[in-house]
Amino acid sequence: MSEIWIIGSIIGLAAFVQSLTGFGFALVAISLLPLLMDLHAAVALVVIASLVGNLVLCWCYREGFEWQAVVPLMAAALLTIPIGIVGLQYVPDHLALRILGGFVLAYVLYDGFKFALPELVSPTWAYAFGAMSGVLTGAFNTGGPPIVIYANCNGWSPEQFKGNIPGVFMASSLIAMAGHYFQGSLTVDLWRVALYAAPFFAGGLIAGIVLSKRIDPSLFRQVVLALLGVMSLRLIW
């Protein structure tokens, strides 16, 4: 029972980070959950929580959704999600954790140092970044960074971020959940854990919204990135 409370707390922390800073739910959750549960189960749990969160965000920011901007990203991601799901089944857990740690570390360096990025004019780039997002979503449900990088390269406004990105993630989460269902990852025990974690998830979202007016989100974001960097090194070594 104590482990379920810790798992719920991790989900709540990840939701808090997401609602306060606008990023990081999957990165935080999937960096910490493998310390307590099987990697495959951790990924499936994050898929369930992400789907609920993205459904809420899609409804809240539905007026800013732009089909033309996200269709190539969504189409490519939906095609490659099964590759990530199936591929994870054939990669040993210790190697998969190191790959995950390397990916998280790469994103921390990208976000922390604010590297200058070129504008991606060709529509082909949307399919390329969508495909990368799909593989990472299927394997670890961490498909957000490629979409965020693509959006930054094309200068999306805050309104475009809020309207478009949850739509991409919701579609990806639906396909990922279907894939994990056919893989047998969505067990009764996992749904029970998800149910226990639901109040923590809701509490984290609400706390992030309330405290966003009292805590400097940019400073907190840097703290989260630093912690993710430490966790990525732990996963690698």
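Author: Helices are DSSP runs of H or I with at least four residues, and strands are E runs with at least two; both are numbered from the N terminus. This is a predicted model, where local features need pLDDT of at least 70 and side-chain atom pairs count only at pLDDT 80 or more, while totals for chains, interfaces and linings use all residues. Residues are numbered from 1 along each chain as its sequence is written, and side-chain values use heavy atoms, with hydrogens and water left out.

Reader: Let's start with rings. How many aromatic pairs does a search of the whole structure find?

Author: In general, you describe a ring pair by the distance of the centres and the angle of the planes. The rings of Phe, Tyr and Trp (its six-membered ring) pair if their centres lie within 6.5 Å; planes under 30 degrees apart are stacked, over 60 edge-to-face, and the rest tilted. Searching the whole structure turns up 8 such pairs. Take F25 and F201: the centres are 5.7 Å apart and the planes sit at 90°, so this pair is edge-to-face. F25 belongs to helix 2 and F201 to helix 9 (residues 188-211), 176 residues apart, so to speak of this pair is to speak of a link between distant parts of the chain.

Reader: And how do W125 and F129 sit, with what distance and angle?

Author: Their ring centres are 6.1 Å apart with planes at 50°, so call that one tilted. W125 and F129 are 4 residues apart in helix 6 (residues 124-140), which puts about one helical turn between them. The background is that an α-helix has 3.6 residues a turn, so residues three or four places apart point the same way. Ring pairs also tie W125 and F129 into a cluster with Y150 and W156.

Reader: Which residues have the most contacts inside the largest nonpolar core?

Author: The general idea is that in soluble globular proteins, nonpolar side chains tend to be buried together. A nonpolar core is a set of buried Ala, Val, Leu, Ile, Met, Phe, Trp, Tyr and Cys residues joined through side-chain atoms within 4.5 Å. The largest one here has 71 residues, and I11, F25, L33 and L45 have the most contacts inside it. Helix 3 (residues 39-60) gives this core its largest share, 10 residues. Zoom in on L45: if contact means heavy atoms within 4.5 Å, and neighbours within four places in sequence are set aside, L45 touches I7, I11, L33, M37, L190, V193 and A194.

Reader: What about backbone angles: what is phi of N141?

Author: As a rule, most residues other than glycine have a negative phi. N141 isn't a glycine, yet its phi is positive, near 55°. N141 sits in the loop between helix 6 and helix 7 and is buried at 6% relative accessibility. Just after helix 7, G155 has a positive phi too, about 65°.

Reader: Last one: which residues line the second largest pocket?

Author: On a 1 Å grid over the protein atoms alone, a pocket is an open set of points where a 1.4 Å probe fits, with protein on both sides within 12 Å along at least five of seven lines; lining residues have an atom within 4 Å of a point. Here L13, V17, V28, L32, F220, V223, V224, L227, L228 and M231 do the lining. Helix 1 (2-21), helix 2 (25-32) and helix 10 (217-236) are the elements giving two or more residues each, and helix 10 has the largest share with 6.

Reader: What classes do the residues of that lining fall into?

Author: Count Ala, Val, Leu, Ile, Met, Phe, Trp, Tyr, Cys and Pro as nonpolar, Asp, Glu, Lys and Arg as charged, and the others, Gly among them, as polar. The lining of the second largest pocket then has 10 nonpolar, no polar and no charged residues.

Terms used. Buried < 20%, exposed > 50% of the residue type's maximum accessible area, 1.4 Å probe, protein only.
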